[in-house]
Structure formats: C-alpha cells, structure tokens
Amino acid sequence: MSRIIRLEAENVKRLRAVTITPEGAVVTIRGDNGQGKTSVLDAIEYALAGEKSHPAEPIRRGADRARVVLETDDGLVVERRWTAKGTYLEVRTKEGATFKSPQKILDGLVGRLSFDPLAFMREKP
C-alpha cells in the first residue's frame, strides 16, 4: 500500500502555497472557512485523477501557473503543472527515471494509496 509522504501545491484553486509532510498514520487538515482545506484535497485529486477531474480554472486567480508535486513512500514523484496552454503531467522515480504513460501509472497507484481522495469526495454528508 502506498502513502503520500510529501505534498506541495502552489496556486491551485484558492491556495497560494502549501507543503505537507505527514507524520504518522493520520493527517488532520483543519482551519477556518476559506483557508484552503478543500483546495488541499482537490490538489491531491487533480494530481492523481487525470484531466477529467480538473475544474475549468484550476489556477488561482491572479496567478499564471499552478503546480502540485506529491511523493509516495514507494519512490514515485508525481508533478502536475497548469499554465494558460494547458496541463502537463510527469511521473518519475526519485532517481529521475520517467514513464511513457504517466496517467496509466497513476491509475494503478490510486488504488494502492492509503488515502484515496476520490473515495473521500464520494462520501455522503
């Protein structure tokens, strides 16, 4: 089972920038309304789930680009970037080796993550 061990997000939805390095089995994301809790979860989904999950405007208003980088405990680094020209996805090993079909790698990874952001989003209130 893979776990996310580091998350960086910049200019995604309402976020300016956040870095999370989870410690332990449970990560609590808390804050006041409008502080970016949902944007953090959405950033994870956008990085992993593919372009169909992206909103029409993933880039924070006032910014010209956005970026999410997450690292898993089994050595994968996922980086998704957005600009006015579109989105770019790279999945690589810590050593720098890249994959020809990065979304296919992620589709297999999502089922192995200990936190499935898509399952969370499907929960009933």
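This report describes the sheet, the nonpolar core and a few selected residues of a predicted model.

**The sheet**

Five strands form an open sheet in the order E2-E1-E3-E4-E5, and their pairing is antiparallel. Strand E2 (17–20) and E5 are the edge strands, each pairing on one side only. On average, neighbouring strands of this sheet are turned by 10° against each other, direction ignored. Helix H1 lies across E1, E2, E3, E4 and E5. The helix runs at about 100° to E4.

**Strand E3 and its partners**

E3 has antiparallel pairing with E1 over 6 bridges. With E4, E3 also pairs in the antiparallel sense, again over 6 bridges. Val 68 in E3 can be followed to both partners: Ala 9 stands opposite Val 68, and in E4 the bridge partner of Val 68 is Arg 80.

How much of E3 is buried? Of its 7 residues, 6 are buried, so the strand is largely enclosed by the rest of the structure. Thr 72 belongs to strand E3 and is buried, with a relative accessible area of 0%. The side chain of Thr 72 makes a polar contact with the side chain of Asp 74, at 2.3 Å. The hairpin of E3 and E4 has 3 residues between the strands, and in this hairpin Gly 75 takes a positive phi near 95°.

**The nonpolar core**

The largest nonpolar core has 22 residues. Those that touch the most other members are Val 12, Leu 48, Val 68, Leu 70, Val 78, Trp 82 and Leu 106. Two or more residues come from each of strand E1 (4–10), helix H1 (37–49), strand E3 (66–72), strand E4 (76–83), strand E5 (86–93) and helix H2 (102–110). Which element gives the most to this core? H1 does, with 6 residues.

Val 78 shows how one core member is surrounded. Leaving aside residues up to four places away in sequence, Val 78 touches Ala 47, Leu 48, Val 68, Val 69, Leu 70, Leu 89, Glu 90, Val 91 and Leu 106. Among these, Leu 48, Val 68, Leu 70 and Leu 106 are also listed with Val 78 as residues that touch the most other core members.

**The aromatic pair**

The structure holds 1 aromatic pair. Tyr 46 and Trp 82 form this pair, which is edge-to-face, with 6.4 Å centre to centre and 80° between the planes. Tyr 46 lies in helix H1 and Trp 82 in strand E4, so the pair ties together parts that are 36 residues apart in sequence. Trp 82 is also among the core residues that touch the most other members.

| Residue | Relative accessible area | State |
|---|---|---|
| Tyr 46 | 5% | buried |
| Trp 82 | 3% | buried |
| Thr 72 | 0% | buried |

Each value can be read against the cut-off for a buried residue, which is under 20% relative accessible area.

Methods
Residues are numbered from 1 along each chain as its sequence is written. This is a predicted model: local features need pLDDT of at least 70, side-chain atom pairs count only at pLDDT 80 or more; totals for chains, interfaces and linings use all residues. Side-chain values use heavy atoms; hydrogens and water are left out. A nonpolar core is a set of buried Ala, Val, Leu, Ile, Met, Phe, Trp, Tyr and Cys residues joined through side-chain atoms within 4.5 Å. Buried means under 20% relative accessible area, exposed over 50%, partly exposed in between (1.4 Å probe, protein chains only). Helices (H or I, at least four residues) and strands (E, at least two) are DSSP runs, numbered from the N terminus. Contact means heavy atoms within 4.5 Å. Two strands pair if DSSP finds at least two bridges between them. A polar contact is a pair of N or O atoms within 3.5 Å; within protein, one must be able to donate a hydrogen and the other to accept it, and residues adjacent in sequence count only if both atoms are side-chain atoms. Rings of Phe, Tyr and Trp (its six-membered ring) pair if their centres lie within 6.5 Å; planes under 30 degrees apart count as stacked, over 60 as edge-to-face and the rest as tilted. Axes are lines fitted to C-alpha atoms, for helices over the stretch in contact, and angles run from 0 to 180 degrees between N-to-C directions.
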